Amino acid sequence: MKYCSALKTAAVLICAALFFASAAQAAKVNIRIQSVIPSKADEVTMLKVFTDNVTSLTNGDVTFEILPAGAVVGVRETLEAVDKGLIEGGFAWTHYWSGLHPAATLFGSPTAGAGLGIDNIAWISWYMYGGGKELYDQLWDEMGVNVKGLMLQPVGPEALGWFKEPINSMDDFRQYRFRTPPGIPGQTYKDIGVASVAMGGGDILPALEKGVIDAAEWCCPKPDSVFGFQKVLKHYYLQGLHQVVVNADLYINGDVWNRLTPHQKKAMEVAANASLMQAMAYRIHENGKALKDLTDNHGVILHDTPADYFPEYMNAVGNSMDKYKSENAFFKKVWDSMKAFADTAVPFWAGAQATNANLGKAYADQLKK
């Protein structure tokens, strides 16, 4: 009897070992992420920081392969490919998919802070503590896609852009054919009479060189300098409203996400939250170095944006928000949540930021002497 009992015990232990070995094997996953931008972009650099963090937190059970734009599908098909499982993950900005749902803009690039005075830091506060994350999770259901989204990288505020000559007023601005983002930001420029032309990042410099467009925006000093805009344009304006808030995010196929263990999911979420701060810190440092290089070594002249730009653009944004709120219930739900947050948070944050801005300007003025 003892011999039979020992055999039974051994059999149970072997089965348990095989079960746990099988479970451990099943828990390993490799996620291919296709980006919508080239591999050399700063956003991809920070994406790799995120993926390395996840791999470390999961002891190597979750690994990633980051693919450049167009590796499997075209840029515009990235989200659809994730939805269908052609690739396990995609990396872009949520507003790229505003054609599927206008509320995507409120997460990826709420034009002029959705007309509510929200900057990128305040937006993160809304996202993490004001109900934004729950609405972001709901967005994918509203779109009808099998996707789990993870917000990773705040980028804003983006620069107004690059011009051949100084612009002193909106009348000057309206003389230029101006590259803008797609969707509401670009449409808002059209609404105030600017000849807005939407095109991909890699097409901007050739279009400038050929005279297809006369002026352009892309992002910020570092990414702009990588694209080489300083080779053809020398007048640079930092203060713009079209993308005060810009957020890059990661899309995981829903079936892939559901197969992850609770620990692996938590590792992804913790790494994503860490990425929000890491990306912002990286941007400040890199853009500061790039702006100094542009002005010191490439003949770039930094200007203040004409004062009449701000009320014109803000008024147009207000009209856009009203239009989409009246047409789409979920858009209104998200905007209302942002407004409730802004009514409480923006008066405090605007006052605090005024201190920060004055502090920084005082030091910047010292450097000019």
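Are tryptophan 97 and tyrosine 251 buried or exposed? Both tryptophan 97 and tyrosine 251 are buried. This structure is a predicted model.

**Aromatic pairs**

- Across the whole structure, a search finds 29 aromatic pairs.
- One of them joins tryptophan 97 and tyrosine 251. This pair is edge-to-face, with 6.1 Å centre to centre and 75° between the planes.
- The pair links distant parts of the chain, 154 residues apart. Tryptophan 97 sits in the loop between β3 (89–93) and α4 (104–108). Tyrosine 251 belongs to strand β10 (residues 247–253).
- Phenylalanine 227 and phenylalanine 229 also form an aromatic pair. Their rings are stacked, 5.8 Å centre to centre, with 10° between the planes.
- Phenylalanine 227 has 23% relative accessibility, so it counts as partly exposed.
- Phenylalanine 229 has 0% relative accessibility, so it counts as buried.

**A cluster of rings**

- Ring pairs also link residues into a cluster.

**Helices α8 and α13**

- Helix α8 (residues 184–191) packs against helix α13 (residues 309–327). The angle is about 120°, and the axes are 9 Å apart.
- Because of that angle, α8 is oblique to α13. Angles of 65 to 115 degrees would count as roughly perpendicular, and those over 145 as roughly antiparallel.
- The crossing of α8 past α13 is right-handed.
- On the α8 side, the contact is made by Ile184, Pro185, Thr188, Tyr189 and Asp191.
- On the α13 side, the contact residues are Tyr309, Tyr313, Ala316, Val317, Ser320, Met321 and Tyr324.
- Nine residues of this contact are nonpolar, two are polar and one is charged.

**Alanine 159**

- Alanine 159 lies in the loop between β4 (147–154) and β5 (161–163).
- Its relative accessible area is 3%, so alanine 159 is buried. The cut-off for buried is under 20%.
- Which residues does alanine 159 touch, not counting residues up to four places away in sequence? They are Glu217, Cys219, Tyr236, Tyr237, Leu238 and His242.
- Threonine 105 is 54 residues from alanine 159 in sequence. In space, the two are 18 Å apart, C-alpha to C-alpha.

Terms used. Residues numbered from 1 in each chain as written. Predicted model: local features only at pLDDT ≥ 70, side-chain atom pairs only at ≥ 80, totals over all residues. Heavy atoms only, no water. Axes fitted to C-alpha atoms, helices over the stretch in contact; angles between N-to-C directions. Helix = DSSP H or I, 4+ residues; strand = E, 2+ residues; numbered from the N terminus. Parallel < 35°, antiparallel > 145°, perpendicular 65-115°, else oblique. Left-handed = near helix turned anticlockwise from the far one by under 90°. Contact = heavy atoms within 4.5 Å. Nonpolar A, V, L, I, M, F, W, Y, C, P; charged D, E, K, R; others polar. Phe/Tyr/Trp six-rings, centres within 6.5 Å; stacked < 30°, edge-to-face > 60°. Buried < 20%, exposed > 50% of the residue type's maximum accessible area, 1.4 Å probe, protein only.
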